[in-house]
Amino acid sequence: MMNLTILGSTGSIGRGTLDVVARHPARYRVHALGANRQHEMLAEQCLRFSPRYAVLADLAAAELLRARLRDAGCPTEVLGGERALVEVSEAPETDALMAAIVGAAGLEAAIAAARAGKRILLANKESLVMAGDVFLSACRDGGATVLPIDSEHNAVFQCLPGGRADGPGIRRIVLTASGGPFRRASRETMARATPEQACAHPNWSMGRKISVDSATMMNKGLELIEAHYLFGLPGSRLDVVVHPQSIVHSMVEYTDGSMLAQLGNPDMRTPIAYALAYPERIDSGVAPLDLAMIGRLEFEEPDMDRFPCLRLAHDALRAGAGAPCILNAANEIAVDAFLSRRIGFDGIAALNERVLQAMGARPAGADVAGVLALDADSRRVALSELAKVPA
Ligand SMILES: NC(=O)c1ccc[n+]([C@@H]2O[C@H](COP(=O)([O-])OP(=O)(O)OC[C@H]3O[C@@H](n4cnc5c(N)ncnc54)[C@H](OP(=O)(O)O)[C@@H]3O)[C@@H](O)[C@H]2O)c1
């Protein structure tokens, strides 16, 4: 029986995780659930899964959840505030953490779980992008195991012996990208794109932030940086190919000419189930792949001109030091501004570029406090650059 803490349980990955967990009641017990402020959904989850703790970062929402569970006679203890997210992640009762909070808000809990030597099911790619070295050294010190949830990195992990890319014979990793909703769109169409259009992903059903990142292809850029840290390869041995069907989830190329790929229907419950049960395999509820029905698998080069965010992420990976953290912070502000209709779709890349230029070369944070300080500085600069954009 594995005791699971699921942070971001009300989000797309969190709900997918609970769906898989519900299929295996004899294997997994939910120790704690955590989110930001969706108290009604978290209450439903508590009533169904009876965790020991439920945490909401937002204190007022935590109070509402407490009252609701008390009225329902649910014994789950409700905690409020960001610190409580960290506490349940490092608690001795937590065997494994599903780190599925979106954005930089997920960093501290992931690091705490790393230091406490947990099995970390890492969906929150932002932890690695903003604090790659700090996070990995916390994992080494604490003896934590990281299992990637991003479907691409999960695929690579499955195609590598022992999940490691530092052995002989590995030439490169190729991440697949769907191309998002604007794969064939002109620059003019993309400039006019609304949040609804940007979030309407052709293959995957995801949260709004990652959906916009898929539309700009920043998501693939963040994933390149994530792959660099997870698998230890330089940017020159990490490539992206656009594959609109999202059936091949990524590939590893070997020096003998072999290319190993992992295929499956685009449903995050496959990587979630893989990471939950690793090294075993369990039912995920995902329908088997019917290749004859799919018929065609296509591949094409990404267009760096129409998707400048992918180029910015390549550049940030090449520059190293603080650049990925700055880019991540700028992008979170830019995506927020786009979702609230403050800037247009093409304003996202423009804002990211201006923040990278304004911040200049900065060293990476040497510890969590250093990373958070660089993140905060970058957000300040991003907000001041945003203020210059005409309303
Ligand atoms: N969805 C996918 O298919 C997918 C695939 C690969 C990787 N990922 C990664 O997985 C992560 C989650 O993505 P998602 O699509 O599941 O996002 P989502 O649907 O937007 O859900 C985000 C979750 O994070 C919680 N949250 C947000 N801010 C928080 C804060 N300050 N403190 C505590 N909790 C907070 C939300 O709580 P509330 O509901 O209360 O706001 C929600 O539970 C992201 O890092 C994403 O890049 C997602």
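Let's start with an open sheet of four strands, ordered β9-β8-β10-β11, in which the pairing is mixed. Its edge strands are β9 (238–242) and β11 (259–263), each pairing on one side only. From one strand to the next, the twist averages 20 degrees. Before going on, a word on the source: this is a predicted model, where local features need pLDDT of at least 70 and side-chain atom pairs count only at pLDDT 80 or more, while totals for chains, interfaces and linings use all residues. Residues are numbered from 1 along each chain as its sequence is written, and side-chain values use heavy atoms, with hydrogens and water left out.

Helices (H or I, at least four residues) and strands (E, at least two) are DSSP runs, numbered from the N terminus. Two strands count as paired if DSSP finds at least two bridges between them. Angles run from 0 to 180 degrees between N-to-C directions, with axes fitted as lines to C-alpha atoms, for helices over the stretch in contact. Contact itself means heavy atoms within 4.5 Å.

Strand β8 (residues 170–177) pairs with β9 in the parallel sense, over five bridges. If you want a spot to look at, find L175, which stands opposite V240 in β9. Helix α7 (residues 151–159) packs on this sheet, where it touches β8, β10 (248–254) and β11. The direction of α7 makes about 40 degrees with that of β10.

Now for the other sheet. Seven strands make up an open sheet with parallel pairing, in the order β4-β3-β2-β1-β5-β6-β7. At the edges stand β4 (77–80) and β7 (145–148), and each has a single partner strand, so one side of each is left without a neighbour in the sheet. Neighbouring strands are turned against each other by 20 degrees on average, direction ignored. Within this sheet, β1 (residues 2–7) and β5 (residues 96–99) run parallel and are joined by four bridges; T5 stands opposite L97 in β5. Helix α2 (residues 39–49) packs on the sheet, touching β2 (28–35) and β3 (53–56), and its direction makes about 170 degrees with that of β3. Helix α3 (residues 59–72) lies across β3 and β4, and runs at about 170 degrees to β4.

Next, the ligand. Of the 25 residues around it (a heavy atom within 4 Å), T10, S12, R37, Q38 and E126 come nearest. The shell divides into 12 nonpolar, nine polar and four charged residues. Helices α1 (12–22) and α6 (125–142) each supply at least two residues of that shell. A backbone N or O atom of G11 sits 3.1 Å from an oxygen atom of the ligand, and a polar backbone atom of S12 is 2.9 Å from a ligand oxygen. E126 uses its side chain: one of its N or O atoms is 2.8 Å from an oxygen atom of the ligand. Taken alone, the ligand exposes 900 Å² (Shrake-Rupley method, 1.4 Å probe), and the protein buries 88% of that.

Most residues other than glycine have a negative phi, and most peptide bonds are trans. S50, in the loop between α2 and β3, has a positive phi near 45 degrees. Y278 and P279 are joined by a cis peptide bond with omega about 5 degrees, and P279 is found in the loop between α12 (269–277) and α13 (291–294).

Conventions: A polar contact is a pair of N or O atoms within 3.5 Å; within protein, one must be able to donate a hydrogen and the other to accept it, and residues adjacent in sequence count only if both atoms are side-chain atoms. Ala, Val, Leu, Ile, Met, Phe, Trp, Tyr, Cys and Pro count as nonpolar, Asp, Glu, Lys and Arg as charged, and the others, Gly among them, as polar.
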